[in-house]
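Colleague: Before we go through this model together, I would like to learn how its features should be read. Could you take them one at a time, giving the general idea before the case at hand?

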Amino acid sequence: MVIFNRSAAIGQILRRCHRAVAAKNNNNKLTCFHGRWPTAEQRDFEQHMRIIPDFITEAEEQQLHEEVEPYMSRLRYEFDHWDDAIHGFRETERKKWYPSNREVLERVRQTAFEGAIMSYVHVLDLAADGVIKPHVDSTRYCGNTISGISLLSDSVMRLVRTSAEKYKQGNAGDGPSKDTSDNTTDDAYRHQPEAKLENNFYADILLPRRSLYIMRHSARYNFTHEILAKEQSQFLGNPINKTRRISIICRNDP
């Protein structure tokens, strides 16, 4: 019995190591770094921004799509978002899911989060000509991890280093430092600091259809993120055919 348990434990360790190596290889293939990255920042980014290709199967993608489509198709695409962060979108939040899709979301929780996720899951439907502008999600409305499944289309996410003072990590790596020097509050759902590319460093991330992205800690706080417009969607010099894209987004509590 002791030998069996020891063998099982060794097997679990080897599987975890294999998954870690595979995740690192996938990140290397799906991440393009631009500019002069400080070594420590790039190392943290690689640890905190993960992409898992083929996280769901074609059948699971179809099941998720079939559940959200009846409601989403009744909504109009909006081009004047209240905080100007998204154009060409429709969205909802969903709490109750079919059992098969609950299993997928539980897999997301186990893979991306250290604990529970918010009960309401964000469903964001971006039209083929839609765009998500550079922004940082408010720390008032969600915690240190954001994770999303990409349905129907490939896309390119760009993350640009933003204000080191306003959004920098605390010592424990659990949240941004509090900067009240400008007397601003964290009431907005999305902040839109200027995402300068000149004399800055940033990363382009290829999000393949059916992949899962996990954005945690420094990647979540210290960088704006955006989905590039179809005309700008390129990765390593190759055009990416961005069409309609639905993302199933999970967050944890602040």
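This is a predicted model: local features need pLDDT of at least 70, side-chain atom pairs count only at pLDDT 80 or more; totals for chains, interfaces and linings use all residues.

Colleague: How many cavities of 30 Å³ or more does the structure hold, and how much space lies in the largest cavity?

Modeller: The structure holds one cavity of 30 Å³ or more, and the space in the largest cavity comes to about 160 Å³. Its lining is made up of 17 residues, among which L124, I132, Y213, H225 and I249 lie nearest the centre. Two or more lining residues are given by each of the elements β4 (121-137), β10 (223-227) and β13 (245-251), and the largest share, five residues, comes from β4.

Colleague: What are the contents of the chain in helices and strands, and what share of its residues counts as buried?

Modeller: The chain has six helices and 13 strands, and 47% of its 254 residues count as buried. Among contacts with a separation of 6 or more, 87% are between residues 24 or more positions apart.

Colleague: Is N101 buried or exposed, and which residues does N101 touch?

Modeller: Buried means under 20% relative accessible area, so N101, with a value of 0%, is buried. N101 is placed in helix α4 (residues 99-112) and, leaving out residues up to four places away in sequence, touches E60, Q63, L64 and E67. The C-alpha atoms of N101 and Q63 are separated by 7.0 Å, although the two are 38 residues apart along the chain, and a polar atom of the N101 side chain lies 3.3 Å from the backbone oxygen of Q63.

Colleague: Where is T92 found, and is T92 buried or exposed?

Modeller: T92 is found in strand β3 (residues 86-94), and T92 counts as buried because its relative accessible area is 18% and the cut-off is under 20%. Beyond its neighbours within four places in sequence, T92 is in contact with Y71, M72, V121, H122 and V123.

Colleague: How many disulfides does the structure hold?

Modeller: A disulfide is a covalent bond between the sulfur atoms of two cysteines. The structure holds zero disulfides; as for burial, C142 is buried at a relative accessible area of 1%, and C250 counts as buried at 2%.

Conventions: Residues are numbered from 1 along each chain as its sequence is written. Side-chain values use heavy atoms; hydrogens and water are left out. Helices (H or I, at least four residues) and strands (E, at least two) are DSSP runs, numbered from the N terminus. Buried means under 20% relative accessible area, exposed over 50%, partly exposed in between (1.4 Å probe, protein chains only). Contact means heavy atoms within 4.5 Å. A disulfide is a pair of cysteine sulfur atoms within 2.5 Å. A polar contact is a pair of N or O atoms within 3.5 Å; within protein, one must be able to donate a hydrogen and the other to accept it, and residues adjacent in sequence count only if both atoms are side-chain atoms. On a 1 Å grid over the protein atoms alone, a cavity is a set of points where a 1.4 Å probe fits but cannot get out, and a pocket is an open set with protein on both sides within 12 Å along at least five of seven lines; lining residues have an atom within 4 Å of a point. Grid points are joined across faces, edges and corners, and a volume is the space filled by probe spheres set on the points.
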